[in-house]
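Here's a quick briefing for anyone meeting this structure for the first time. Have a look at it, then read on.

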Amino acid sequence: MFKSPSRLHLIGPSQIRENMRIALEHQAINLAQGRPDFPTSPAVKQAAIDAINHDHNQYSVTWGLAELREAIARHVKERHGLTVDPETEITITCGVTEAIVAAMLALVEVGDEVIVIEPAHENYVPAVYFASGTPRFVTLRPPGYALPLDELQSTINQRTRAIILNTPHNPSGHVFTKEELLAILNLADRHGIYVVTDEIYDHLYYEPSRHVAPSTLAPNWTSLVITGGLSKIYAATGWRLGYVLASPEVTAAIRTVHDYLTICAPTPFQYAAVTALGLPETYYAELRAVFLQRRDLTVRMLTQSGFEPYPPQGAYYLLAGFAPWEHQGDSSSFTKRLIAEAKVAVVPGSAFYYQATDLGSRLVRVAFAKTDQVLQEAGENLRMAFHQR
Ligand SMILES: Cc1ncc(COP(=O)(O)O)c(C=O)c1O
């Protein structure tokens, strides 16, 4: 009989993709996965088509096309004033997902601890386990999801190797303030800990909140490992493109991992990514304006159908309580009930909380990267199901 290796016993299947499967069976509206249902920009699509037609269909250099690394270096210089050397400090990966796993495999020894800020995106804890590390948790709590600095301080010890920091934050929508980031970076600096950032939603914040790149505040950039990607901001989740910026020493380790994991990211899409990074500032301003409307629409429709949403400051998710539904059970059984009764799929909060499981059992995550029509339909279904319950 097949017996899986012990490191996998610590990792369950993704609850998000599990819910997606059940949602498909019931033909439910999918507010579960962070998968945009609006098209990639025409210029960016054309650039991918052109790259394929020009026969850019073979492996690229392992760490990524020089043009793309240069475009990323320009992007972070213009936006954050950070100077990175595309030759030695940038690696193109298959999404932030691979970037995080590669960063953990490059940094973490057996016995090392990695601090994960929960609620946490699903891939961080498996990444720590893949690297034979031990996750330790610091909990963000509603309504503000602010950083509990004391808790962070008391979680750090001599075995702490890294902190994973996602801002703007999935699933809470918290955008870490300058003060919170400074506190994390100073603590990390004092204890010699790496800060691995996940800034995949960097352009997606709702004023007056603004994304502050941790690199603009770090006392020492060499203790940062910065990840970002194209999936969300350019609506290209299927292209599997991300990047990691790190010091030359850390980059060399990440490139070794990346080489044996995937060889390289998809070449034609790397060409198209150069075009994506060259889109004008108006692209991002429009993205934020559209998502602000969707956020407000989602908050309204949830409030009218028995939810208690916490409006996000960034990214395109929110967490909501569901006490008015008087559901006898946890968030996992509640999401299954919603699929059956309202034909709407969301994700149980328990998918994101590891330590404060009581909190996760009382929340659901709603993804609003959907057209207004889909959001309105979902709102209608939820309202009806709530009133008929
Ligand atoms: C915070 C965060 N990081 C990473 C990812 C995955 O990114 P990618 O598609 O680049 O692998 C997601 C996707 O939902 C996410 O929300």
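**A strand in the middle of things**

In strand β8, Y243 is the bridge partner of G228. This is a predicted model, where local features need pLDDT of at least 70 and side-chain atom pairs count only at pLDDT 80 or more, while totals for chains, interfaces and linings use all residues. Residues are numbered from 1 along each chain as its sequence is written. Helices (H or I, at least four residues) and strands (E, at least two) are DSSP runs, numbered from the N terminus.

**Around β8**

- Strand β7 (residues 224–229) pairs with β8 in the antiparallel sense over four bridges; two strands pair if DSSP finds at least two bridges between them.
- Strand β2 (residues 90–93) also runs antiparallel to β8, and four bridges join them.
- In general, strands of a sheet pair through backbone hydrogen bonds, either parallel or antiparallel.

**The nonpolar core**

- The largest nonpolar core has 122 residues, and the members touching the most others are L31, A103, M104, V195, V244, V344 and V366.
- Helix α5 (residues 95–107) gives this core its largest share, ten residues.
- Why does the core lie between domain 1 (6–40 + 282–388) and domain 2 (43–277)? It does so because both domains give residues to it.
- A nonpolar core, by the way, is a set of buried Ala, Val, Leu, Ile, Met, Phe, Trp, Tyr and Cys residues joined through C-beta atoms within 7 Å.
- Leaving out residues up to four places away in sequence, V244 touches T91, T93, A99, A102, A103, V225, I226, T227 and I254.
- Two residues are in contact if their C-beta atoms, placed from the backbone, lie within 7 Å.

**Two domains**

- The protein's domain assignment gives domain 1 (6–40 + 282–388) and domain 2 (43–277); such bounds come from an automatic or database domain assignment.
- The C-alpha centres of domain 1 and domain 2 are 25 Å apart.
- Domain 1 puts 36 residues into the contact, and domain 2 puts in 36 residues.
- On the domain 1 side, α11 (281–303), β10 (317–321) and α13 (357–360) each supply at least two residues.
- Of these, α11 gives the most to that side, with six residues.
- By class, the side of domain 1 that touches domain 2 has 23 nonpolar, eight polar and five charged residues.
- For these classes, Ala, Val, Leu, Ile, Met, Phe, Trp, Tyr, Cys and Pro count as nonpolar, Asp, Glu, Lys and Arg as charged, and the others, Gly among them, as polar.

**Around the ligand**

- How many residues surround the ligand? There are 13, and the closest are G95, V96, T97, G229 and S231.
- Near, in this case, means a C-beta atom, placed from the backbone, within 6 Å of the molecule or strand.
- The largest share of this shell, three residues, comes from α5.
- By class, the shell has two nonpolar, ten polar and one charged residues.

- Most residues other than glycine have a negative phi, and most peptide bonds are trans.
- The bond from N170 to P171 is cis, with omega near 15°, and P171 is in the loop between β5 (160–166) and α8 (178–191).
- E207 and P208 are also joined by a cis peptide bond, with omega about 10°; P208 is in the loop between β6 (194–198) and β7.
- Y145 isn't a glycine, yet its phi is positive at about 55°.
- With 21 C-beta neighbours inside 10 Å, Y145 counts as buried.
- I263 has a positive phi near 65°, but I263 is exposed, with 11 other C-beta atoms within 10 Å.

Definitions and conventions. A residue is buried if 20 or more other C-beta atoms lie within 10 Å of its own, exposed if 12 or fewer, and partly exposed in between; C-beta atoms are placed from the backbone.
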